[in-house]
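Below are some notes on the model, in numbered points. Please read them with the structure open.

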Amino acid sequence: MLEYPLFYSIWHKPENKGEGLTKLDLAKQMLLMLRESVECRLWVAMDRWYLCKEFFVFLGRISLIG
């Protein structure tokens, strides 16, 4: 069986604070791309550092939870 990720991003720490995308921005982008690719209910598994209020609200807003 061949397995590989559908979407992935590599985060690079920006040279200047406040520039570039954050890890949460990249996660949001990947989930939005996945959401556009499928029409079924999705479950989201993540490390605990993703569990912040802003990301949780985002998940509810794009109908991935609840």
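1. Helices here are DSSP runs of H or I of at least four residues, strands are DSSP runs of E of at least two, and both are numbered from the N terminus. On that basis, Ile-62 sits in the segment after helix 2. The model is a predicted one: local features need pLDDT of at least 70, side-chain atom pairs count only at pLDDT 80 or more, and totals for chains, interfaces and linings use all residues. Residues are numbered from 1 along each chain as its sequence is written, and side-chain values use heavy atoms, with hydrogens and water left out.

2. Overall content. The protein chain has two helices and zero strands. Of its 66 residues, 20% are buried, where buried means under 20% relative accessible area, exposed over 50%, and partly exposed in between (1.4 Å probe, protein chains only). The chain exposes about 6000 Å², and carbon and sulfur atoms supply 57% of that area. Accessible areas come from the Shrake-Rupley method with a 1.4 Å probe; for residues, only the protein chains shown count as cover.

3. Contacts along the chain. A contact means heavy atoms within 4.5 Å. Taking contacts between residues at least 6 apart in sequence, 53% join residues at least 24 apart.

4. How are helix 1 and helix 2 placed relative to each other? Their axes come within 11 Å and cross at roughly 10°. Axes are lines fitted to C-alpha atoms, for helices over the stretch in contact, and angles run from 0 to 180 degrees between N-to-C directions. Helix 1 and helix 2 are therefore roughly parallel to each other; the cut-offs are under 35 degrees for roughly parallel, over 145 for roughly antiparallel, 65 to 115 for roughly perpendicular, and oblique for the rest. Helix 1 makes the contact through Leu-24, Ala-27, Lys-28, Leu-31 and Leu-32, and helix 2 through Glu-54, Phe-55, Phe-58 and Leu-59.

5. Which residues form the largest nonpolar core? There are seven: Leu-24, Ala-27, Leu-31, Phe-55, Phe-58, Leu-59 and Ile-62. Helix 1 (23-37) and helix 2 (53-61) each supply at least two residues of this core. A nonpolar core is a set of buried Ala, Val, Leu, Ile, Met, Phe, Trp, Tyr and Cys residues joined through side-chain atoms within 4.5 Å.

6. Ile-62 counts as buried, at 17% relative accessibility. Not counting residues up to four places away in sequence, Ile-62 touches Leu-31, Leu-32 and Arg-35. Between Ile-62 and Arg-35 the C-alpha to C-alpha distance is 8.3 Å, with 27 residues separating them in sequence.

7. The charged pair. A search of the whole structure finds one salt bridge, defined as a side-chain nitrogen of Lys or Arg within 4 Å of a carboxyl oxygen of Asp or Glu. Glu-54 pairs with Lys-28, and their closest N and O atoms are 2.8 Å apart. Glu-54 lies in helix 2 and Lys-28 in helix 1, so the pair ties together parts that are 26 residues apart in sequence. Is Lys-28 buried or exposed? Lys-28 is buried, with a relative accessible area of 14%, whereas Glu-54 is partly exposed at 47%. Leaving out residues up to four places away in sequence, Lys-28 touches Glu-54, Phe-55 and Phe-58.

8. Trp-11 lies in the segment before helix 1 and is partly exposed, with a relative accessible area of 33%. Its contacts, leaving aside neighbours within four places in sequence, are with Leu-21, Thr-22, Lys-23 and Leu-26. The C-alpha atoms of Trp-11 and Leu-24 are separated by 9.9 Å, and the two residues are 13 apart along the chain.
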